[in-house]
Amino acid sequence: DVPDADREWLEDNQVEVVRVDPHLDLCGSLLRVLDALALRHGSVAVHHGDSLFPGAAFPDIDTYFIDRTRHAYRWAHCEVENGRISNVSNESQSIAQSDTVLTGFFVFSDLRELALSLAVSEGFAAALQHYAQRTVVKAATPATWLDFGHANSFYTSRASFTTQRAFNDLQIKSGVVWKSSKRAGRVDAEA
């Protein structure tokens, strides 16, 4: 159930919650949402909730966010030619640091093509590949990508994502956390 404070924020920002069967895969879930919202025309953005892109501008239509990763995990790998997505796959179980991966933000302009890609593909990476074969899809690399979806990237991302209060300053340098405040005694009071 959605807590009251969250429900109020969602309503204020015109966000509709669509519940889906937890046994559906990602393709089936997205098809269910498109159908429930009666989305047939226009564009749609898909954002995996375990990734954050602080300060990133909303990308153009038909764009996938990409980046390189230093964490070994079974990521969806992609190839880029002349700024466009040329191939998406789940080929590698352990991606090398130099490999380009999808980071969890996608914008689609053709909802019919998206629905078809989701319906005929086995897995989300295959659906992204199917869509990119039929539509020119640009690659964009956000300035910052924080991934909280995998244990091996969670702590790296968490260290970069500080949640200090307005009266505190928090910095992380070389693995050391420095907390300070201009208000005398404030940091001591929190210890």
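These legends accompany close-up views of a predicted model.

**Figure 1. Overview of the predicted protein, with its 6 helices and 10 strands.** The protein has 191 residues, of which 32% count as buried. Taking contacts between residues at least 6 apart in sequence, 58% join residues at least 24 apart.

**Figure 2. Helix α2 and its buried residues.** Helix α2 covers residues 26–36. Its buried residues are Cys27, Gly28, Ser29, Leu30 and Leu34. These buried residues pack against strand β1 (44–47), helix α3 and helix α4. After α2 comes Ala38, which has a positive phi near 55 degrees.

**Figure 3. The crossing of helices α2 and α3.** Two packed helices are described by the angle between their axes and the distance between the axes. For α2 and α3, the axes come within 9 Å and cross at roughly 145 degrees. The crossing of α2 past α3 is left-handed. On the α2 side the contact is made by Cys27, Leu30, Leu31 and Leu34, and on the α3 side by Leu111, Leu114, Ala115, Leu118 and Ala119. Sorted by class, this contact holds 9 nonpolar residues, no polar residues and no charged residues. Two of the α2 residues in the contact, Leu30 and Leu34, are also among the buried residues of that helix. An α-helix has 3.6 residues a turn, so residues three or four places apart point the same way.

**Figure 4. The crossing of helices α3 and α4.** Helix α3 spans residues 111–120 and helix α4 spans residues 124–134; their axes come within 8 Å and cross at roughly 140 degrees. Because of this angle, α3 counts as oblique to α4. The crossing of α3 past α4 is right-handed. From α3, the residues in contact are Glu113, Leu114, Leu116, Ser117, Leu118 and Val120; from α4 they are Phe124, Ala127, His130, Tyr131 and Arg134. By class, the α3–α4 contact has 7 nonpolar, 2 polar and 2 charged residues. Leu114 and Leu118 of α3 take part here and also in the contact with α2.

**Figure 5. The ring pair Phe58 and Phe105.** The whole structure has 7 aromatic pairs. In this pair the ring centres are 5.6 Å apart and the planes stand at 90 degrees, so the arrangement is edge-to-face. Phe58 sits in the loop between β2 (51–52) and β3 (63–68), while Phe105 sits in strand β6 (residues 100–108); the pair therefore ties together parts that are 47 residues apart in sequence. Phe58 counts as exposed, at 60% relative accessibility. Phe105 is buried, with a relative accessible area of 9%.

**Figure 6. The ring pair Tyr64 and Phe106 and the aromatic cluster around the pair.** The rings of Tyr64 and Phe106 have centres 5.4 Å apart and planes at 80 degrees, so this pair is edge-to-face. Tyr64 belongs to strand β3 and Phe106 to strand β6, and the pair links these distant parts of the chain, 42 residues apart. Tyr64 is buried, with a relative accessible area of 0%, and Phe106 is buried at 1% relative accessibility. Both rings belong to one aromatic cluster made up of Tyr64, Phe106, Phe108, Phe124 and Tyr131. Phe124 and Tyr131 of this cluster are also α4 residues in the contact with α3.

Figure 7. Thr135 is buried, with a relative accessible area of 15%, a value under the 20% limit. Apart from its neighbours within four places in sequence, Thr135 is in contact with Asp62 and Glu113. Glu113 is also one of the α3 residues in the contact with α4.

Figure 8. Gln14 is located in the loop between α1 (4–12) and α2, and is exposed with a relative accessible area of 76%. Asn82 is exposed, with a relative accessible area of 81%.

Notes
Residues numbered from 1 in each chain as written. Predicted model: local features only at pLDDT ≥ 70, side-chain atom pairs only at ≥ 80, totals over all residues. Heavy atoms only, no water. Axes fitted to C-alpha atoms, helices over the stretch in contact; angles between N-to-C directions. Helix = DSSP H or I, 4+ residues; strand = E, 2+ residues; numbered from the N terminus. Parallel < 35°, antiparallel > 145°, perpendicular 65-115°, else oblique. Left-handed = near helix turned anticlockwise from the far one by under 90°. Contact = heavy atoms within 4.5 Å. Nonpolar A, V, L, I, M, F, W, Y, C, P; charged D, E, K, R; others polar. Phe/Tyr/Trp six-rings, centres within 6.5 Å; stacked < 30°, edge-to-face > 60°. Buried < 20%, exposed > 50% of the residue type's maximum accessible area, 1.4 Å probe, protein only.
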